Amino acid sequence: MKIQERAGAGAGRSAAPAGPAVGDRLPTPPRERKPALAALAVLLILVGALGATMLVLQAGDRIEVVKITEPIPAGQPVTDSNTTSVMVAEDPGIHYVEWSQLDALKKLKAVSAIPAGVVAVGEMFGDEAKVPSGKALVGMSLKEGQYPAGLEAGDVVAAYRVGGTSRSGSDDDAGTGTGGSAGGGSDSLLVEQARVDFVQAGKSDDIVSSANKPVTLLVDSAEAAVLTQAASNGEVALVLVPGN
C-alpha cells in the first residue's frame, strides 16, 4: 500500500522543470574597470585648471599704457585727441608710458616724428625735438594739386617751384626774351630728395577739403632757406620719388 501511494503521488507531479520564482533577477556579470580612462580624465581636469590659473596670472601682469592714434610731428606734444589707452603685458625692459602719466606726458615734445598706431615709450619724448646734424625741418601749407594723393609721413619726395617766376630770369635780359617763364627754368627743382616728417591726415567725412594741408619736410640745412621762401609764397609742389 505504501508503494502504490508513493507512485500515485509521483504521477501527479509535472514533468516540466521548476522555473525561478517570480521577482528573482538573473545574476549580472561584474563590471570591467578601466583605470587608464579614469587617469586620463583626471589629467584633463588638472590641465584645464592649470591653464585657467595661467590666464589669471597673466591678466594680473597687464598694465594700461598710452597708444598714439594720430601721427605726431617732431616737436609737438600729445593731446587727448591723438592718444588712447591699451592694455599690454608688463615688461621691465620696455619703458612704457602708463595711462596715469598722460598729463605729465603732455608737457613734453616728440623728439622725432611718431607714426600712428604705436605704443608710447619714454624714449620718444623730451624737452625739444631732435633734428639730425646738418638737417632742418621746413613746414609748409599746400593746396590740393600741390602734393600727391596718399602722402604719408616717411615718404621721400622732391620739391619743385611752381606758379612763380624762375630765378634764372632777370630784368637785364627781359628785353632779349631770355627771361625765365612761370614754373620753368633750370632751378625749378628746389629739393631733389626730402623726407616727409609730418603730414596732416584728411578727414574721411569731408567731401571737399577747403583747408590747406600742413606738411613738414626734413631737408639738408643748405636747402632750407630757398624751400622756406618758396613755401611762404605758395610756390611749392611735392612729387613722390624713388626711395620710398
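This is a predicted model: local features need pLDDT of at least 70, side-chain atom pairs count only at pLDDT 80 or more; totals for chains, interfaces and linings use all residues.

Reader: Where is the place of glutamine 101?

Author: Strand S2 covers 83-89 and helix H3 covers 102-105. Glutamine 101 has its place in the loop between S2 and H3.

Reader: Why does glutamine 101 count as partly exposed?

Author: Buried means under 20% relative accessible area and exposed means over 50%, with partly exposed in between. Glutamine 101 counts as partly exposed because its relative accessibility is 40%.

Reader: How many Å apart in space are glutamine 101 and valine 65?

Author: In sequence, glutamine 101 and valine 65 are 36 residues apart. From C-alpha to C-alpha, the two are apart in space by 8.7 Å.

Reader: Which residues gather in the patch of negative charge on the surface?

Author: One of them is glutamate 90, placed in the loop between S2 and H3. The patch of negative charge is formed by Asp61, Glu90, Asp91 and Glu98.

Reader: What is the area of the nonpolar surface patch made by Leu37, Leu40, Leu43, Leu44 and Val47?

Author: Leucine 40, one of its residues, lies in helix H2, residues 35-60. Leucine 40 is partly exposed because its relative accessible area is 45%. The nonpolar patch has an area of about 500 Å².

Reader: Which residue in S8 is the bridge partner of valine 196?

Author: Strand S7 (residues 189-199) is joined to S6 (residues 156-161) by four bridges, antiparallel. S7 also pairs with S8 (residues 213-220) in the antiparallel sense, over four bridges. In S8, valine 196 has as its bridge partner leucine 217.

Note on methods: Residues are numbered from 1 along each chain as its sequence is written. Side-chain values use heavy atoms; hydrogens and water are left out. Patches are made of residues with over 30% relative accessible area and no salt bridge: like charges are joined within 9 Å, nonpolar side chains (Val, Leu, Ile, Met, Phe, Trp, Tyr) within 5 Å. Accessible areas come from the Shrake-Rupley method with a 1.4 Å probe; for residues, only the protein chains shown count as cover. A salt bridge is a side-chain nitrogen of Lys or Arg within 4 Å of a carboxyl oxygen of Asp or Glu. Lys and Arg count as positive and Asp and Glu as negative; His and the chain ends are not counted. The place of a charge is taken as NZ of Lys, CZ of Arg, CG of Asp or CD of Glu. Helices (H or I, at least four residues) and strands (E, at least two) are DSSP runs, numbered from the N terminus. Two strands pair if DSSP finds at least two bridges between them. Buried means under 20% relative accessible area, exposed over 50%, partly exposed in between (1.4 Å probe, protein chains only).
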